[in-house]
Structure formats: structure tokens, C-alpha cells
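This report concerns a predicted model.

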Amino acid sequence: MSNAELKKFEDKIERDVKIEPRDWMPEAYRESLIRQISQHAHSEIVGMLPEANWLARAPSLRRKSILMAKIQDEAGHGLYLYCAAETLGAERQATIDAMLEGKLKYSSIFNYPTRSWADMGMIGWLVDGAAIVNQVALQRTSYGPYARAMVRICKEESFHQRQGYELLTELVKEGNAEQKAMVQDSINRFWWPSLMMFGPHDSDSANGEQSIAWKIKRLGNDELRQKFIDITVRQAEYLDITIPDPDLKWNEKTGHYDHGPIDWKEFKQVVSGYGPCNKERMDARRQAQEEGKWVVEAGLAYHAKKSMNEAA
């Protein structure tokens, strides 16, 4: 690494000029991006599983079609992100293997079970809503391929959030008492894990400060979490459901909602592989990989034969 290369890199970061795959970059910048993008990709793929649990039990053909389209979108998001990681030299199968071996993580939220149909709406509203708050900022991330992938992903996630909220609105406004209770039970279970999605407090984040300095992340975890809470409280009021936080209240001085303490012990337990559905999720991904090997092998064989024929 030369001082001239580092200075040129830092100047681009300072001027908000995107870093592109062929540009020189510090190895630590590359590694940080690979870790973040890979974990993001894994989250999109694993995130399909709790929704697929309800695909065959959707209450109508319309709802089934919407859910199926959403799951397909998530697969596409994973593909965009794996491709972005590959531009940094990360081999796709290696990053997937790292996840299956527990060396790379994915969002903790997907290790919670989906127990009712209301959870499909709650995932769209809360989980995708939290993702949008984080991902809108990532459209301005310093690495070009990642930023460009986020543009389309954010558009589709916005649709997911709206369809989730529409599903919940239908349940609470047009449904019976049992259906409204189902929605309340769902937010009781998903509210705190949704806040955990933004990660630990900035003061406890090992890589947060450097990621912000490099403009990989544009905002800190706490700022993003606060933005999400401020947006979501008003939406919950319209649904006439109660957010399960007795300490939640508007603060006139700060212009934000105060909230109660997050159970970071639970977060660390889930991230470490000991959540309600960690084993189930990884077993499903290992099974999918094993059952899909023949597709990969067939594709490689076809490509090899085609290359030989063209060479001949």
C-alpha cells in the first residue's frame, strides 16, 4: 500500500465518489464490505423460510400470489447482493459455506417462528419496514455495486412493507375480535426483535465507527433505530394496536419517542446460534444446497461441453 493510493482512496470517500471494483482499496475496507454484503445476502435468502412456512396456508389466492411474489423478490435480492460481493473477490459458494459453518451471520429476526397468518403482515410491516430504514441509507454507501443494487431492492422492499401493512389493516379494520387479537399477539412477539435488527448500540459496535468513516454505512445503529420507531408508532396508532413497551412515550425536548431497554442478552444468544429457529433455518439451507447440487453440476457440465464445441 502506497501513501499515494491511500490518499486517492480517502479523497474519493471524502468527495462521495463511488469506489468501483477495479479501484484500489484498503484490504480492511474490502473485508468489511464482503462481511456486510454477504450477511445481507444471507438474510435475504434465509428470510424466505419463515414466509414459505405460510405459502400453502394463505387464506386466498390473491394473498398466496402476493406472498409468492414477495418470496421471489427476496431470492432476487440475495442474487444481487451475492453478485456485488463477487465484485470484491468473494467466491459465492465460499460465503454460503461460511454461513452454514456459523462463520458469517444473517439477520437475527429470521430465527423467530411465524405462528399465525398475521405474522406475514407483521414481517412485511415491521421487518421490511426496518430493512427499508437501513437500506435507504445504503443507497448512498461508498461502494458502487452495493449502492446500485440497493436502489432496486429498496423499491421492492417498499412494496413489501405496504402490502404487509395493508394485510394488517384488513385484519384489524374488517376482521373479528379474534383476528385483531392475532395481530396484537404478533406485534407482541416481533416488536423487540425488529428493534434488534439494527444491531447493538453504536458504543458497543465493533466495526460501526470505521464503517461510517469509510461511508460504507451512512448512519449509526441508534440513529436508524430511532428513525424506525418514530415512523412506526404513528402507524401502530392507526391500526389501533399496542406496542409492547410501557416506557414508550413522546419526548418534546428531543422530538423523538423514548423507548424501553432492549434485551441485548437475547440478541447475542440468537446471533450466536441459539435462537428459537436457528437450527431449523440452517438445516433447511443445508438440505436445499444438497438437493440442488445436481442443478449446479448439470449447468457446469453443459457450459464445459459448450466451450469444448466452440473451441473445436
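## The largest cavity and its surroundings

In this predicted model, the residues lining the largest cavity are R63, I66, L67, W117, M120, G121, Q163 and L167. Helices α4, α6 (118-138) and α7 (144-174) each contribute at least two lining residues, and α4 gives the most, with three. The volume of the largest cavity is about 50 Å³. The count of cavities of 30 Å³ or more comes to three.

Helix α4 (residues 61-86) also holds Y80. Y80 counts as partly exposed because its relative accessibility is 24%, which lies between the limits of 20% for buried and 50% for exposed. Leaving aside residues up to four places away in sequence, Y80 touches A149, R152, I153 and E156. Between the C-alpha atoms of Y80 and S205 the separation is 26 Å, and the two residues are 125 residues apart along the chain.

A further element of the model is the packing of α8 and α10. Two packed helices are described by the angle between their axes and the distance between the axes. For α8 (residues 177-196) and α10 (residues 221-239), the angle is about 145 degrees and the axes are 10 Å apart. The residues that make this contact are listed below by helix.

| Helix | Contact residues |
|---|---|
| α8 | W191, S194, L195 |
| α10 | R225, F228, I229, T232 |

The residues of the contact of α8 with α10 divide into four nonpolar, two polar and one charged.

Methods
Residues numbered from 1 in each chain as written. Predicted model: local features only at pLDDT ≥ 70, side-chain atom pairs only at ≥ 80, totals over all residues. Heavy atoms only, no water. Axes fitted to C-alpha atoms, helices over the stretch in contact; angles between N-to-C directions. Helix = DSSP H or I, 4+ residues; strand = E, 2+ residues; numbered from the N terminus. Contact = heavy atoms within 4.5 Å. Nonpolar A, V, L, I, M, F, W, Y, C, P; charged D, E, K, R; others polar. Buried < 20%, exposed > 50% of the residue type's maximum accessible area, 1.4 Å probe, protein only. 1 Å grid on protein atoms, 1.4 Å probe; cavity = no way out; pocket = protein on both sides within 12 Å on 5 of 7 lines; lining within 4 Å. Points joined across faces, edges and corners; volume = space filled by probe spheres on them.
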